[in-house]
Amino acid sequence: IYILGIESSCDDTSAAVLCNDRILSNVVADQRIHAEYGGVVPELASRAHQQNIVPVVHQALEKANITKEQLSAIAFTRGPGLMGSLLVGTSFAKSLAYGLGIPLIDVNHMQAHILAHFIDEDNHKKPLFPFLALTISGGHTQIVKVSHHFEMEVLGETIDDAVGEAYDKSGKVLGLGYPAGPEIDRRAQLGNPKAYKFTKPKVDGLKFSFSGLKTGILYFVQRETKANPNFVEENLNDICASIQYTIIGILMDKLKLAVKQTGIKHIAIGGGVSANSGIRKALKDAENKHGWTTYIPKFEYTTDNAAMIAIVGYLKYLKKDFSYFDVMATARLKI
Ligand code: ATP
Ligand code: FE
């Protein structure tokens, strides 16, 4: 079975080809235009998707060394995401599936961030059910109980900013480029995580909150800069390390609570922030410390990519769970 996956929910245009659950190709065209605006500009994103989608799909097929006539089905991101961006992938997937006379399969982007773990890779174990998934990305922060591939229940999520946003907005305060997550992570590894202390939010149960932390960092930087105008430049690595230490602490506290509440000790992470070295190390440590079994995705399946869309397509294909051609892109789509 050959599945073509198409992802266009935000600012990455991506196409991937799977043969059963093995990746043959996974092409991602990221849109650098947004960097100078300090965030994704929706109109520019959808225009760039329109320019990228045909070449990206061509490349994915070429790399996989198959023709479009060999495809068994086409899977695409239906949502959640930016409407204009989603529309490009949705329309393209529909027309191609219709033209080829093959099934169309709609995919939930957040489910895909989790189900990326079911891509067959050497040296990667697939999660055993039931497991807890911590999805940490640019738009979401959730703890999900996964009882089966398509049996998912959100146990808790953020009431304001997502953790990726916390990284990007803190980065903005520090004068770093967009997205700032990878840069903060890189510097965090060179600094002292206990140099500065930021207060953790007080939110009940498995809910998350990150907007207070962002404001706390802003006030901290304003205060310190008043005393020393070069404060940020002189202490950037320590500041990044302290921010990362606080964020990872928040995530781990909630994971521990979720394990306590559910008794489930199998933990998977997914989404862009699962590329982060701090969360990866904290989870590895928890294997010995708390007896958890953890699942950490390959880097190329953390930020947005079509391989994760294609694997969900494959899992749905096996169930003959196909979409009608009147399926619509949905900006706010629940897991
Ligand atoms: P969503 O999946 O919620 O719709 P999205 O698709 O825009 O949002 P992703 O592409 O999954 O988000 O993740 C992007 C986010 O990941 C950005 O906020 C970026 O800063 C963050 N990120 C990427 N790498 C790292 C890293 N190493 N450390 C921390 N954050 C990171
Ligand atoms: Fe994403």
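Two strands pair if DSSP finds at least two bridges between them. Strands here are DSSP runs (E, at least two residues), helices are runs of H or I with at least four residues, and both are numbered from the N terminus. With that in hand, take strand β6 (residues 131-136) and strand β7 (residues 141-148): they pair in the antiparallel sense over six bridges. Within this pair, leucine 132 has lysine 145 of β7 as its bridge partner.

This is a predicted model, in which local features need pLDDT of at least 70, side-chain atom pairs count only at pLDDT 80 or more, and totals for chains, interfaces and linings use all residues. Residues are numbered from 1 along each chain as its sequence is written, and chains are lettered from A and ligands numbered from 1 in the order in which they are written.

**The five-stranded sheet**

β6 and β7 belong to an open sheet of five strands. The order is β8-β7-β6-β9-β10, and the pairing is mixed. β8 (151-157) and β10 (293-295) stand at the edges. Each has a single partner strand, so one side of each is left without a neighbour in the sheet. On average, neighbouring strands are turned by 25° against each other, direction ignored. Axes are lines fitted to C-alpha atoms, for helices over the stretch in contact, and angles run from 0 to 180 degrees between N-to-C directions.

A helix packs on this sheet. Helix α7 (residues 231-262) touches β6, β7, β8 and β9 (266-270). The direction of α7 makes about 155° with that of β6. Two residues are in contact if their C-beta atoms, placed from the backbone, lie within 7 Å.

Strand β2 (residues 12-19) and strand β3 (residues 22-30) run antiparallel, joined by eight bridges. Threonine 13 stands opposite alanine 29 in β3. The two strands form a hairpin with two residues between them. Asparagine 20, in the turn, has a positive phi of about 50°.

**Backbone exceptions**

One runs from glycine 79 to proline 80, with omega near -5°. Proline 80 sits in the loop between β4 (73-79) and α2 (83-100). Another joins phenylalanine 129 and proline 130, with omega about -10°. Proline 130 is in the loop between α3 and β6.

Lysine 320 has a positive phi of about 55° although it is not a glycine. Lysine 320 lies in the segment after α9 (307-318).

**Buried or exposed**

A residue is buried if 20 or more other C-beta atoms lie within 10 Å of its own, exposed if 12 or fewer, and partly exposed in between; C-beta atoms are placed from the backbone.

| Residue | Other C-beta atoms within 10 Å | Class |
|---|---|---|
| Asparagine 65 | 10 | exposed |
| Lysine 320 | 8 | exposed |
| Histidine 109 | 26 | buried |
| Histidine 113 | 31 | buried |

**The annotated positions**

The UniProt annotation "binding site", from an unreviewed entry, covers His109, His113 and Asp304. These residues are spread over 196 residues of sequence, yet they cluster in space, with a largest C-alpha distance of 8.8 Å. UniProt positions are given in the numbering used here, feature names are shortened, and annotations may be inferred rather than shown by experiment.

Histidine 109 is in helix α3. Leaving aside neighbours within four places in sequence, histidine 109 is in contact with Ser9, Thr77, Gly79, Pro80 and Gly81. Histidine 113 also lies in helix α3.

The UniProt annotation "domain: Gcp-like" (unreviewed entry) covers residues 23-310. Over that range the chain is 47% helix and 17% strand, and the end C-alpha atoms are 9 Å apart.

**Around ligand 1**

A residue is near a molecule if its C-beta atom, placed from the backbone, lies within 6 Å of it. Of the 25 residues around ligand 1, Gly138, Gly139, Gly164, Gly181 and Gly272 come nearest. The elements that give two or more residues to this shell are α3 (109-115), α4 (163-173) and α5 (181-188).
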